[in-house]
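Q: Please take a close look at the metal site in this model. I am new to the structure and would like a connected account of that part and what follows it.

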Amino acid sequence: MIGSDSHFDLNIEPMLHPSMPNPICSVCQSENHRFYIETYAMMHVGKLETYTFNLCQNCESVFLTNPVPENQLGQYYTDAYLPYRGEKAWGKYANFVVWDDRKLNVRRAKMALMHLNQKAEIDVLDIGCGKPDFLAQLAENKNIRTTGIDFTSAQWDDPKYKNLLLLEGDWRNIELNKQFDLITAWHYFEHDYDLKQTVEKCRQLLKPNGILVIEVPMYQGVLQKLQKNHWQGWHSPRHISLFSFKSWKMLFSENNWEIVKHRKHGSMSAFTLWWLGYQEKKNIDWSSSMEKHFWNLVFWKVLLMPLFALERLVPMGIQTIVVRKK
Ligand SMILES: [Zn+2]
């Protein structure tokens, strides 16, 4: 039972996911870490559970010490989960969301392809492709062959995706009997339960000199410090790892990889994480229509535009890392 000082209803089961007795860093497996922040179940209806992130003293990443067992994660990816509801969640403003997503995917395509040498044909794999609009964007170029993997096909039944190769399941268990010029992972690595295995699988799946592009939240940015446990970069319990630059160097060893670029901004604006965190703090109902929040989003977006124009100069909360297989 929760203690008498709790503000929660005593009849409700608390703390579903207690800390592991001896947690280890999800990035470098070090046992040398200390408490960093406590969060709650975010973008989720019912926020009773608490989640503890620790700061690794070895690789400086922050990791979730009490993750939900991977086979129980489905309860946090229901039909009410905002990213699964896509543009429809925004009601009569859906077209604005489609337009904004298209701009995002144009930026992603540019960022991903800029590090590749000119080739007649390019094979691309997108890990955790979700709603595969990024791949659809790439596939507009006839020389690019695309493959996407996600653990759910919930958002794939649109005719515009019919020419994409989309595979459903745990990407580590899916046999792919080809290699790729480019692997992209837009907001996937922070969810991954076995980073070592994931990095090794990326290495196996890349052609020599192949490129891996990763975008993730960055806890060392300004917004995490401002919003603290409401910052949407935690996205607990779905996010396991928040990476430091040092942790990338440890994950991508010099023997096998060259770090081509580390940007302290991304294709997605850190504004998105800030605004979602702001809504989280207001405790909005994430299962209801977002239509009524649309003008609040526009208001803050316009008001803070001058601030977020500085994202390339001041790390706000998103980072991208580009590595090349040796
Ligand atoms: Zn570590």
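**The zinc site**

A: The four donor atoms around the zinc ion subtend angles of 102 to 116°, which makes the arrangement tetrahedral. This is a predicted model. The donors are the SG atoms of C25, C28, C56 and C59, and they coordinate the zinc ion at 2.3 Å. Along the sequence, these donor residues follow the spacing C-x2-C-x27-C-x2-C. C25 and C28 are both buried.

E60 is not a glycine, yet its phi is positive, about 70°. E60 is partly exposed, because its relative accessible area is 35%, a value between the limits of 20% for buried and 50% for exposed.

A positive phi also occurs at N283, about 60°, and N283 is not a glycine either. N283 is placed in the loop between α7 (270–281) and α8 (294–303). Another backbone feature is the cis peptide bond from S236 to P237, with omega near 5°. P237 sits in the loop between α5 (222–227) and β9 (241–242).

K201 belongs to helix α4 (residues 195–205). K201 is buried but forms no salt bridge, and the nearest side chain of opposite charge, E175, is 5.7 Å away. Leaving aside residues up to four places away in sequence, K201 touches W171, R172, N173 and I174.

How values were computed: Residues numbered from 1 in each chain as written. Predicted model: local features only at pLDDT ≥ 70, side-chain atom pairs only at ≥ 80, totals over all residues. Heavy atoms only, no water. Helix = DSSP H or I, 4+ residues; strand = E, 2+ residues; numbered from the N terminus. Buried < 20%, exposed > 50% of the residue type's maximum accessible area, 1.4 Å probe, protein only. Lys, Arg positive; Asp, Glu negative; His and termini not counted. Salt bridge = Lys/Arg side-chain N within 4 Å of Asp/Glu carboxyl O. Contact = heavy atoms within 4.5 Å. Donors = N, O, S within 2.8 Å, 3.2 Å for Na, K, Ca; no water. Tetrahedral: all angles 85-135°; square planar, octahedral: opposite > 155°, others 65-115°.
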